[in-house]
Amino acid sequence: MSDFVVILIAVIPAALMMLYIYLQDKSEKEPIGLLLKIFFLGVLSAVPSIVAEWLIGNIIDVTFGGTFLIYHMITAFFGVAVIEEGFKFLAAYLVTWRNKHFNYKFDGVVYCLFGSMGFAAIENVLYLFRVESSSILGMGISRGLLAIPAHAMCAIFMGYYYGNAKYAKSFGDRAGCRKNMFTGFMIACSLHAFYDFCLMTQRVLFLIIFVVFVVAADILTIIRIHKAKKENLKMYEAPEYRQYWAGPAANPYIPYGGFDAPMYGGYAQPNQDNSRFAPPSGGGVPNPQVVGVQNQQPEVVMNRSVQMHCPVCNEINSFHAFYCRSCGAALHKVGRG
């Protein structure tokens with residue numbers, strides 16, 4: 001069997017998975033160039049993964065080599081899953097987190113899947129070139145039905161939370177961003193580790209559990225894809241100066257949340273004359289009031305009744321606030337004279 005045919009057998013399952021997820025993105029298709037970049041970064045991520053797995057594997061062998069289940073648990077989680085999922089995630093994160101095309105929550109699923117499939121494709125190639133020619137087709141089919149969907153499963157769960165993290169970050173919820181990042185990574189690592197652990201033990205009981213796990217995980221992955229599509233929302237796209245929220249009814253995608261003429265840094269109360277707070281046409285800080293006091297120099301003051309509502313917890317903050325005093329979410333930074 002020629003090398004080209006072997007590569008095709010290894011890559012086709014990953015290509016089909018990428019095509020499937022790409023077609024599920026109904027809101028706005030991602031640029032092909034960006035997706036190819038993520039894919040090839042996923043391919044390259046196999047190099048540091050191999051080195052890290054060798055180093056960590058030797059440490060685990062020395063430390064836990066005399067045990068059985070504990071050894072396989074630690075090897076599966078720390079020696080394989082954390083390393084591979086970490087580098088696959090970096091393949092997507094490095095080129096997408098600050099990319100302007102990352103503007104929908106579902107994009108996180110697409111990006112993580114493409115990075116993961118790059119890793120899975122090169123892993124498949126390496127596996128197939130190590131087996132006998134007569135076993136290549138059987139190995140390719142088995143890995144196409146098990147290993148590729150397993151990598152995709154981890155990527156889809158990680159990508160779901162990656163998109164949620166970017167969405168939280170887009171309107172200043174830093175705690176929510178960190179929580180979603182951590183949750184997605186831990187779920188992906190746990191799924192990956194359990195998959196490998198069942199195979200490492202070579203016990204009949206764990207192989208039965210493995211079959212049940214694969215079927216259940218595939219069903220849950222499909223459900224997660226549909227959930228991600230249903231919950232797909234556009235990121236909050238801030239202009240030069242942030243739009244503002246005020247109250248739980250305010251929509252962050254509608255400028256000013258329905259309030260009239262906001263002052264940069266907060267809201268004047270609705271239904272009152274706020275023309276003096278209108279944003280300057282060229283950007284910058286709000287127009288101050290000049291109050292004249294007899295026999296004194298004019299004093300520049302701000303209207304202290306203006307309040308800034310935190311977009312995350314709705315806590316009322318001073319319009320001079322940089323971060324919410326309650327939850328720590330980022331607020332608009334008002335220019336200081």
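Colleague: Buried means under 20% relative accessible area, exposed over 50%, partly exposed in between (1.4 Å probe, protein chains only). Buried or exposed: which is Tyr195?

Modeller: Tyr195 is buried, because its relative accessibility is 10%. This is a predicted model, with local features needing pLDDT of at least 70 and side-chain atom pairs pLDDT 80 or more, while totals for chains, interfaces and linings use all residues. Residues are numbered from 1 along each chain as its sequence is written, and side-chain values use heavy atoms, without hydrogens or water.

Colleague: How much of the protein is buried?

Modeller: Of its 337 residues, 46% are buried.

Colleague: And the overall layout? How many helices and strands are there?

Modeller: The protein has 9 helices and 4 strands. These are DSSP runs, numbered from the N terminus: H or I of at least four residues for helices, E of at least two for strands. Along the sequence the pattern is α-α-α-α-α-α-α-α-α-β-β-β-β.

Colleague: Rings next. How many aromatic pairs turn up?

Modeller: The whole structure holds 14 aromatic pairs. Take Tyr160 and Tyr161: their pair is edge-to-face, 5.0 Å centre to centre with 90° between the planes. Rings of Phe, Tyr and Trp (its six-membered ring) pair with centres within 6.5 Å; planes under 30 degrees apart are stacked, over 60 edge-to-face, the rest tilted.

Colleague: Are those two tyrosines buried or exposed?

Modeller: Tyr160 and Tyr161 are both buried.

Colleague: Back to Tyr195. Why is its pair with Phe210 called edge-to-face?

Modeller: Because the planes of Tyr195 and Phe210 are at 65°, with the ring centres 5.0 Å apart. Tyr195 belongs to helix α8 (residues 174-201) and Phe210 to helix α9 (residues 204-230), so the pair ties together parts 15 residues apart in sequence.

Colleague: Buried or exposed for Phe210?

Modeller: Phe210 is buried, because its relative accessibility is 7%.

Colleague: Which rings are linked into a cluster?

Modeller: Phe89, Tyr93, Trp97, Phe102, Tyr111 and Tyr162 are joined by ring pairs.

Colleague: Last one. Where is Trp54?

Modeller: Trp54 is in helix α3. With 56% relative accessibility, Trp54 counts as exposed.
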